[in-house]
Amino acid sequence: MQAFTYTGLPTRVIFGSGTLDTLAPEVERLGVTRSLVLSTPHQRDMAEDTARRLSTLAAGIFSEAAMHTPIDVTERAMREVERCGADGIVAIGGGSTTGLGKAIALRTDLPQLVVPTTYAGSEMTPILGQTEHDRKTTLRDPKVLPETVIYDVSLTLGLPAKLSAVSGMNAIAHGVEALYAQDRNPVIDLMAEEGIAALARALPGIVAKPNDLYTRSDALYGAWLCGICLGSVGMALHHKLCHTLGGMFDLPHAETHAVILPHAMRYNTEAAPAAAAKVARALGAGDAAKGLQGLARRVGAPMSLKEIGMTAEGIEPAVAQAMSNPYWNPEPLTEARIRELLEHAFHGSDA
């Protein structure tokens with residue numbers, strides 16, 4: 001018998017195609033009358049369309065969300081919350097926009113509605129990562145869990161194939177680490193394996209045919225499941241390294257996950273054989289780490305930290321920071337092995 005504790009997270013989820021049409025009623029359902037619409041600068045047009053859909057329920061737009069949720073951006077957004085008298089947040093976009101909404105909610109406890117346009121999965125979690133002075137820290141607080149998430153598959157059709165690939169690999173990482181989490185449980189195991197399998201099926205199809213609604217639906221479904229996993233159990237070495245590298249070197253978030261994941265899986269394979277077997281089965285591969293790296297290569301994801309902007313000089317300080325406040329991990333962490341992992345990931349060596 002496996003003893004476990006399971007806590008279901010209370011987010012309302014609307015999933016389908018054309019579901020953005022439910023936006024205004026869902027905002028009203030939250031009791032929000034003056035929502036601040038959030039986006040990145042790149043998705044300002046989408047934020048403006050969202051505000052038009054909300055009509056009088058929109059109080060303003062803040063389109064400065066940035067990767068890794070910098071504290072200074074959040075402070076500017078807070079001034080806009082106060083200026084327009086917002087009583088709720090509508091975030092449309094990927095993990096950067098969702099993160100900003102969560103950072104605002106942490107400070108104000110305002111209700112959040114999130115409309116994801118990538119496969120980030122953070123919309124399903126009570127986790128917030130924030131960056132200040134080149135250091136990214138994470139916290140877990142029920143206040144940052146969005147109240148409502150609207151998944152509209154049609155909004156992902158415009159996500160470029162290359163970005164879809166790395167965003168999907170990021171989502172797979174949530175499921176992989178959930179399978180060997182310290183507080184894993186049978187419910188999350190089922191969701192993780194199903195989510196990994198759905199994404200592994202979908203991503204090559206998206207690269208081949210980006211406008212196929214069926215494969216896009218499969219990918220978003222998998223990302224939703226893996227997002228639940230991320231929010232329900234603790235993460236380990238993979239996420240620690242990605243947060244460390246992202247905060248220190250401002251590396252692109254999803255691409256960093258795609259590079260690190262096979263190497264983190266190899267690091268933990270012997271200590272977590274049951275998890276490795278489930279990952280391999282979900283991928284249809286004989287070996288979990290090789291299967292993850294093979295999938296990344298097949299969908300055109302970057303294979304090395306070097307190609308996404310890291311320099312070799314960053315390896316030693318990254319080892320030191322990763323070891324300074326480590327996450328729990330099934331395989332004990334040592335400086336020598338973390339250094340070896342990062343060197344392999346830097347050069348894109350076989351996992």
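**Cysteines, aromatic pairs and a hairpin in a predicted model**

Cys-226 is buried, with a relative accessibility of 0%. The model in which this residue was examined is a predicted one. A search of the whole structure finds 0 disulfides. A disulfide is a covalent bond between the sulfur atoms of two cysteines. For Cys-226, the nearest cysteine sulfur belongs to Cys-229 and lies 5.5 Å away, and Cys-226 is in no disulfide. The cut-off for a disulfide is a sulfur pair within 2.5 Å. Cys-242 is also buried, at 4% relative accessibility. Its closest cysteine sulfur, in Cys-226, is 15 Å from its own, which is too far for a bond.

The search of the whole structure gives 2 aromatic pairs. One is formed by Phe-15 and Tyr-151, whose ring centres are 5.8 Å apart; the planes of the two rings meet at 45°, so the pair is tilted. Phe-15 belongs to strand S1 (residues 12-16) and Tyr-151 to strand S8 (residues 148-152), so this pair ties together parts that are 136 residues apart in sequence. The two partners are placed as follows: Phe-15 is partly exposed, with a relative accessible area of 34%, whereas Tyr-151 is buried, at 0%.

Tyr-221 and Trp-224 form a tilted aromatic pair, with 6.2 Å from centre to centre and 45° between the planes. Both residues lie in helix H7 (residues 213-232), where they are 3 residues apart and thus separated by about one helical turn. Tyr-221 is partly exposed, with a relative accessible area of 27%, and Trp-224 is partly exposed at 23%.

A ring is also involved in a contact with a charged side chain. Arg-337 lies over the face of Tyr-267, at 4.0 Å from the centre of the ring.

S6 pairs with strand S7 (residues 135-140) in the antiparallel sense, over 6 bridges. Within this pairing, Leu-128 has Leu-139 of S7 as its bridge partner. The hairpin has 2 residues between the strands, and His-133 in this hairpin takes a positive phi near 55°.

Notes. Residues are numbered from 1 along each chain as its sequence is written. This is a predicted model: local features need pLDDT of at least 70, side-chain atom pairs count only at pLDDT 80 or more; totals for chains, interfaces and linings use all residues. Side-chain values use heavy atoms; hydrogens and water are left out. Rings of Phe, Tyr and Trp (its six-membered ring) pair if their centres lie within 6.5 Å; planes under 30 degrees apart count as stacked, over 60 as edge-to-face and the rest as tilted. Helices (H or I, at least four residues) and strands (E, at least two) are DSSP runs, numbered from the N terminus. Buried means under 20% relative accessible area, exposed over 50%, partly exposed in between (1.4 Å probe, protein chains only). A charge sits over a ring if NZ of Lys or CZ of Arg is within 6 Å of the ring centre and within 35 degrees of the ring normal. Two strands pair if DSSP finds at least two bridges between them.
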